Amino acid sequence: MRIRYIPSLLIILCLSACTGNTEYAPKRVGYFRIALPERKYTSYKAECPFAFDYPEYAVVLRDSGSGRQSCWINVVFPRFKCNVYMSYLTIKLTRDAELDIDQDLSKSIVEKIEKSVKDRKKGDPVRLVYDREIPKDLLEFIMKKIKMKRSLNLIPGGRYHNFRDFINFPNVGNKALLYNYPEPLPHPELSKAKSLFSVIKKKDILLCYPYQSFNHVIDLLREASIDPKVTAIKMTMYRLAKKSSIASILANALKNGKTVTVVVELQARFDEEANLFWANQLREEGAEVIYGITGLKVHSKLLLITRKEGNETITYGHIGTGNFNEDTAKIYSDCTLLTCDKRITAEILRVFHFYNNNFKIGHYEHLIVSPFFMRNKFIKFINKEIKNAKAGKEAYITLKLNSIVDNELVKKLYQASEAGVKIKLIVRSNCSLIPGIKGMSENIEAISIVDKYLEHSRILVFCNGGDERIYLTSADWMYRNLELRNEIAVPIYDPKVREKLKKILEIQLQDNTKARILDAKQDNKYKSADSSKSIRAQDEIYNYFKGRLLANKPK
């Protein structure tokens with residue numbers, strides 16, 4: 001079951017008849033609710049359904065996703081001739097947000113998604129978080145109105161429940177209490193290039209956000225949209241920014257005669273409406289829009305640009321761990337590979353052929369593609385480490401992922417540990433593997449880093465007998481990623497890119513400020529500083545890229 005937090009768009013009013021003006025002494029209490037307009041600033045008036053013979057007071061209970069705000073009740077109810085007593089009691093309702101995609105063959109996937117998104121607003125309530133100060137009769141009134149049973153999750157909380165709003169909390173007060181968000185750095189080669197294609201053609205480029213600027217990807221697309229040598233642009237879309245420059249650039253490319261193909265995932269959770277909007281916009285401009293794959297979510301982050309250079313047709317590829325989203329690129333840490341390597345770009349093209357013709361899975365020697373090959377490939381890599389460890393050779397695995405919960409892969413890592421493979425994990429979110437258990441996982445160390453940027457990049461390193469396999473991937477080690485989604489893992493062949501990724505892992509494993517130890521106790525203790533230097537990985541990674549930028553500046 002997928003769940004969604006629904007900020008209530010209701011005002012619940014408690015209207016009380018009072019015997020005097022100085023004390024709140026209600027004789028009668030009535031409740032009713034009115035829908036708030038969704039626009040932020042709107043003139044609004046309503047009629048009171050109750051009749052009272054003497055002055056009324058009102059208690060305004062509001063959860064509009066905007067926190068404590070004054071709301072003068074005489075403006076809402078112009079017939080009131082009274083003073084107003086204000087009280088803020090907030091609620092947060094969680095509804096079942098699973099999309100119900102019916103099997104009606106007469107409907108298109110777009111029609112099904114549109115209907116399901118509308119139906120989601122009427123999903124069954126599964127949890128209610130409420131202010132613990134709320135009167136019992138009012139809580140009963142709310143539960144009755146939303147048809148919620150006491151057997152479901154009722155959770156008393158504090159004053160405010162919609163914590164995701166804190167992401168956009170304004171920077172106020174003492175600056176010492178605020179995170180330092182330095183400006184993203186330009187890439188040393190891309191920032192001074194007249195043409196980004198000329199740089200990528202010479203060597204692979206690694207971009208790491210938000211330490212480096214996402215604008216380079218936008219600049220690459222913008223250059224492609226106006227370059228007369230570019231003939232086609234193909235890309236996947238999972239979550240775009242609300243005001244997406246990328247969608248606008250693709251529309252401009254169409255006007256300039258480019259062939260544009262976009263694979264839009266209509267089932268990107270809670271972005272379905274936005275993706276429908278962008279899909280319709282681009283289709284109207286003339287783009288070929290592919291609405292995902294039946295039975296699979298397209299979660300890969302692919303871009304392929306075809307360019308005619310003399311008598312040759314050259315393809316330029318992008319494979320990343322994060323979305324094509326200017327907004328999240330400022331707060332999510334992700335990595336992107338830009339390449340002209342034919343071994344990679346030819347297989348990216350093969351993936352796009354699969355999106356167009358789902359029966360053509362294709363054969364891949366370099367990319368690892370789920371759900372067809374990824375699980376077996378990773379098991380093969382782990383087995384190679386087990387074999388080498390048993391033969392007395394060096395064997396190790398380093399994984400940086402959001403989640404590791406796939407049972408089969410977790411068991412395989414346990415086997416590797418038992419065989420003597422040294423395993424280091426950096427897992428930001430769910431980790432069902434338990435490190436440090438004697439006889440089972442004593443060769444596994446795991447940390448989790450939660451800091452000012454959301455750790456979102458996925459990097460895999462396998463010793464492979466000294467010839468290291470290094471991959472970037474969009475996939476976590478979860479059943480849904482390996483079996484129910486289309487994901488891509490790309491091998492890193494360029495020595496300098498490999499060096500940078502290994503340096504990122506090295507810095508994160510040294511973190512002694514924000515890194516928490518994952519173990520059987522589950523007490524989430526921070527790593528102690530075993531050196532005189534305090535190491536905060538995200539700041540150190542930024543400084544690492546800043547140092548490389550300064551080293552590349554002409555003296």
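Trainee: Which residue in strand 13 does M235 stand opposite?

Mentor: In this predicted model, M235 stands opposite L303 in strand 13. That pair belongs to an antiparallel arrangement in which strand 9 (residues 230-237) is joined to strand 13 by five bridges.

Trainee: How many bridges pair strand 13 with strand 14, and in what sense do the two strands run?

Mentor: Strand 13 pairs with strand 14 (residues 312-320) over eight bridges, in the antiparallel sense, and here I305 stands opposite Y316 in strand 14. Strand 13 therefore has two partners to trace, because two strands count as paired once DSSP finds at least two bridges between them, and five bridges join it to strand 9 while eight link it to strand 14.

Trainee: How many residues of strand 13 are buried?

Mentor: Taking buried to mean under 20% relative accessible area, seven of the eight residues in strand 13 (residues 302-309) are buried, and the strand is mostly covered.

Trainee: Which residues of strand 8 point one way, and which the other?

Mentor: From strand 8, I205, L207 and Y209 point one way, whereas L206 and C208 point the other way, and all are buried. Strand 8 (residues 205-209) is accordingly described as mostly covered, with five of its five residues buried.

Trainee: What is the bridge partner of I205 in strand 15?

Mentor: The partner of I205 there is L338, and strand 8 pairs with strand 15 (residues 332-339) in the antiparallel sense over five bridges.

Note on methods
Residues numbered from 1 in each chain as written. Predicted model: local features only at pLDDT ≥ 70, side-chain atom pairs only at ≥ 80, totals over all residues. Heavy atoms only, no water. Buried < 20%, exposed > 50% of the residue type's maximum accessible area, 1.4 Å probe, protein only. Helix = DSSP H or I, 4+ residues; strand = E, 2+ residues; numbered from the N terminus.
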